[in-house]
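Biologist: Hi! Could you walk me through this structure, step by step?

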Amino acid sequence: MSTLFSKENKEAFTKPLNLDNPIAVQVLGICSSLAVTSQLKPALVMGISVAIITAFSNLVISLIRNTIPNRVRIIVQLVVVAALVTIVSMFLKAYLYDVSVQLSVYVGLIITNCILMGRLEAFAMNHTPWASFLDGLGNGFGYAIILAIVGAIREILGAGSILGFQILPQGLYDAGYMNNGMMVMPAMALILLGCVIWVHRSINKEEKK
Amino acid sequence: MENKKGLNTNGNGYILVYSAVLVVVVAFLLAFVYAVLKPKSDANVEMDKKHQILAALNIRGLENDQIADKYAAVIVKDEVIDVNGKVIKDGSSKDKDGFMVDRSDTTNLPVYICKVDGATKYVVPLSGKGLWGPIWGYIAINEDKQTVYGAYFNHESETAGLGALIVEDKFQLEFNGKQLRTSDGKFVGVVKNGTVKDASTQCDGISGATKTSVGVNNMLQDCLKRYKAFLNTK
């Protein structure tokens, strides 16, 4: 057990959650984070889907890393990722139909998410399966956290609700408050994401040095 | 790269065999998952469609487990008619005939005959093009075939916050009670936001989403035109 949770393995999981966050620090995969974060629920489902796919594609690639012909390795990685994405998308259609409609093409587009290919190429190709799995999980959740933050802010300010439940009281609206229509537009997601990265970097200023 | 099996992983033969095996394995895996999950996702698609038809009949906000029962209670038949108004399939099963007709089919026309609070209503499916992708909907017509009872619209990829507002009740409820036909032989439609001249047959479009509004209008004209014979019979 000691090797399973060794320092390196723990770091593979925890680093991408904060100090090496794929969105905030590596600035990867922001395209989908802009498109699916107008509400919290699709943002969460998207984040969890990506976490599952990065974890398992890392695991699979790491397992077969010694057999993959070097010249076609990107294609092999793509096939594995595409297969996993298709499976997740079929599961969403079967068990979370309304969310899968909301996410529409963005589930399929996980295939092109830079985080996935980045982790496969940079980590899974030369690490053991367990470490790769943790690394994938960490990066996926690091992505999910940022999505959830942006999704929550956009839903509160854009619709006054969280996960579909109205949380801003009706009295506030009667007093003249209005939902901010800008918040539901993708452009606002980019600005919010910028703010999240800004806050994140100023908090971590010390540690980065 | 290290190589445990002593095979030359960079040889052409190895690459070909490797790729072939990988693709076959993945194909079988996907086919298996698809086959296992298909009944479940088909049921979801069917329920979603019933939900949309009921929404056109102003039966909104149902929970998922109520939809099938409500649909069975409200819908009497899902007929298929042709452009001359002749009934091709009588649709007594409620969800096997008109319900199964593909949205792109322009010769087999589904008509859902419904009973809401004892009054007969007809629901006609609509499909067309929005600004970015397909849009579709259902329009419920009163028994007199002259007035609109309700409408429902949905879209695949219209702009969030603008064109996407066609799924909101606020836009859809505008259709309730409109005259189905205009004096110059057209159908109830949508005009650019703020330019309604005849409130009995025109709905106000969405501000900032003129292209989507025009798309909804074209969809109404194109689809209802095919039902002309049906709508002319009393």
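**Where the chains meet**

Modeller: Happy to! Between chain B and chain A, about 2,300 Å² is buried, and carbon and sulfur atoms give 70% of that area. Buried area is the accessible area (1.4 Å probe) that two parts lose on being put together, summed over both. This is a predicted model: local features need pLDDT of at least 70 and side-chain atom pairs count only at pLDDT 80 or more, while totals for chains, interfaces and linings use all residues. Residues are numbered from 1 along each chain as its sequence is written, chains are lettered from A in the order in which they are written, and side-chain values use heavy atoms, without hydrogens and water.

Biologist: How many residues does each chain bring to the contact?

Modeller: Chain B gives 27 residues and chain A gives 23 residues, with contact meaning heavy atoms within 4.5 Å.

Biologist: And how many salt bridges cross the interface of chain B and chain A?

Modeller: The rule finds zero there; it asks for a side-chain nitrogen of Lys or Arg within 4 Å of a carboxyl oxygen of Asp or Glu.

Biologist: New topic! What is chain B built from, helices and strands?

Modeller: Chain B has five helices and eight strands, where helices (H or I, at least four residues) and strands (E, at least two) are DSSP runs, numbered from the N terminus. Along the sequence, the pattern is α-α-β-β-β-β-β-β-α-β-β-α-α.

Biologist: What does the C-alpha trace of chain B span?

Modeller: The trace covers about 80 × 45 × 35 Å along its principal axes.

Biologist: How much of chain B counts as buried?

Modeller: Of its 234 residues, 44% do, buried being under 20% relative accessible area (1.4 Å probe, protein chains only).

Methods:
Buried < 20%, exposed > 50% of the residue type's maximum accessible area, 1.4 Å probe, protein only.
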